[in-house]
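Me: Please go through the structure below with me, in short questions and plain answers.

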Amino acid sequence: MSFINMKNIILKLLHSLTRAVLKKYHPTIIAITGSVGKTATKEAVFVVLASKYRVRKNAKNYNTETGLPLTVLGCRPPAKSLLKWCRVFWRGLGLLLFKHDYPEMLVLEMGAGRPGDIAELLGVVTPQVGVITAIAATHTEKFGSVAGVAKEKGKLYRVIDKDGYIVVNFDDKEVVKLAEAGKGKIISYGITASEEVMVRGAEIAVSRSNENLTGISGMSFKLITEGTVTPVLLRDVLGEHQVYLALAAAAVGQIFDIHSVDIAEALGKVEPSNGRMRLLPGIKHTLIIDDTYNASPIAMEAALQAVAQLDGEAKKYAVLGDMLELGSLTESEHQKIGKLVAKLKFDVLIAVGEKGRDIARAAKKAGMSEDYVFEFEHAQEAGRFVQDRIEQGDVILVKGSRGMAMETIVKEIMAEPERADELLVPSR
């Protein structure tokens, strides 16, 4: 029997077992997908719901046709070990044969790298609440266009029945369009001042603190729900886009009758995710914004905007690697980023990788001085260059797709490299 046939048999057994377990225990399922922010939103939703309910979430980003069912069964990925797979099935059978203290809720992130991925996951689980964070140009190499991405992600809203809830990012027009085709009850969130926005963020600001090594506590905002206003602090992260994941979590909390004060308290406990706009102290008393987990055009733009809006005299570095899996949009999207770096007046641009050259060329064409634009083929050499060049007070944004290993640059310039395994995304 070939490996592919064996894999298909294991997947069918795994999915069947997962459906049987869900049928027995009937947990409420909150499913989360979108082009950006899925994992961080999942973490925030989990923390909010866990303040009142027994909840389980995907470990890390185990959001595939294998990882999601394993989450339902409460198992770790067994890799290619047949013995460990036997333990997975034994665990599943145990859940069916005996009564267990199963979670009341499951918060499940759903990934989609190609057409059909979301449909496959929805064949295993039936959510009662669906969250789509945003629609943008990600994995367009496989989907062909942003419309293809929207079509796939939108399948989540379409399976929510009239008694379920569709959680909608009101500020994303594509998400709003997808919601219009759904049957579920809509609960909207955003920062737009509109009566249609049910959970809103206002007075968003960077919170400064002398007690923090980075000088920044995180992002603060006012959570506005049903006439109540509650202050929230998201710790050790930067960027207005971080507020959206908190608002999505607050919207889910509203569905399950969690008070806004309790929601705010829970959000204040959310641990910043490694490589997702995480603030880290750098060598020479610099500030690193580590956004190396992954990169897409919308996320790259949000990160650049967030750093550019920091006040003060600090010199700002944009250390940017290739954005992968964009297909026919690759050249144009990298050029847009280069133009944005110049427009936002970053002091230094360091482009890493073959596609990073398009970022560098576009930045120079848009008016950025060639004396402050540097290109490197690999992250390691870029890291050594950054280490030598930065000075006290500088702010360094590091971002790129996972395949670019941009975390090696962060490790080169972080003040506590001995904590790299704890604070950074794992090197591949």
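Reply: Helices (H or I, at least four residues) and strands (E, at least two) are DSSP runs, numbered from the N terminus. This is a predicted model, in which local features need pLDDT of at least 70 and side-chain atom pairs count only at pLDDT 80 or more, while totals for chains, interfaces and linings use all residues. Residues are numbered from 1 along each chain as its sequence is written, and side-chain values use heavy atoms, with hydrogens and water left out.

Me: What is the radius of gyration of the protein chain?
Reply: The protein chain has 17 helices and 15 strands. The radius of gyration is taken over C-alpha atoms, and the globule rule is 2.2 Å times the number of residues to the power 0.38. For 428 residues that rule gives 22 Å, and the chain comes close to this, so it is as compact as a globular protein of that length; its radius of gyration is 22 Å.

Me: Buried residues make up what percentage of the protein chain?
Reply: Buried means under 20% relative accessible area, exposed over 50%, and partly exposed in between (1.4 Å probe, protein chains only). The C-alpha trace spans about 65 × 60 × 40 Å along its principal axes. Of the 428 residues, the buried share is 53%.

Me: What share of the contacts with a separation of 6 or more is due to residues 24 or more positions apart?
Reply: Contact means heavy atoms within 4.5 Å. Counting contacts in the protein chain with a separation of 6 or more, the share from residues 24 or more positions apart is 66%.

Me: Which residue in β3 stands opposite I29?
Reply: Strand β1 (residues 28-33) pairs with strand β3 (residues 105-109) in the parallel sense, over 5 bridges. Opposite I29, the residue in β3 is L106.

Me: How many nonpolar residues does the contact of α2 with α10 have?
Reply: The axes of α2 and helix α10 (residues 241-255) come within 8 Å and cross at roughly 40 degrees. A40, T41, A44, V45, V48 and L49 in α2 meet L245, A248, A249, V252 and G253 in α10. Ala, Val, Leu, Ile, Met, Phe, Trp, Tyr, Cys and Pro count as nonpolar, Asp, Glu, Lys and Arg as charged, and the others, Gly among them, as polar. The contact has no charged residues and 2 polar ones, and the nonpolar number is 9.

Me: Which residues are in contact with V47, leaving aside its neighbours within four places in sequence?
Reply: V47 lies in helix α2 and is partly exposed because its relative accessible area is 22%. V47 and E271 are 224 residues apart in sequence and 9.4 Å apart in space, C-alpha to C-alpha. Leaving aside neighbours within four places, the residues in contact with V47 are A266 and V270.

Me: Which residue follows α14?
Reply: In helix α14 (residues 356-365) the buried residues include G356, D358, I359, A360, A362 and A363. The buried residues of α14 pack against β12, α13, β13 (348-352) and β14 (373-376). With a positive phi near 115 degrees, the residue after α14 is G367.

Me: Is T286 buried or exposed?
Reply: T286 lies in strand β11. Not counting residues up to four places away in sequence, T286 touches L280, P281, I390, E391, Q392, G393, D394 and I396. Because its relative accessibility is 6%, T286 counts as buried.

Me: What is the phi of K284?
Reply: K284 lies in the loop between β10 (278-282) and β11 (286-291). At 38% relative accessibility, K284 counts as partly exposed. K284 is not a glycine, yet its phi is positive, about 60 degrees.

Me: What is the phi of E325?
Reply: E325 lies in the loop between β12 (316-321) and α13 (330-343). At 40% relative accessibility, E325 counts as partly exposed. E325 is a residue other than glycine with a positive phi, near 65 degrees.

Methods
Pairing = 2+ DSSP bridges. Axes fitted to C-alpha atoms, helices over the stretch in contact; angles between N-to-C directions.
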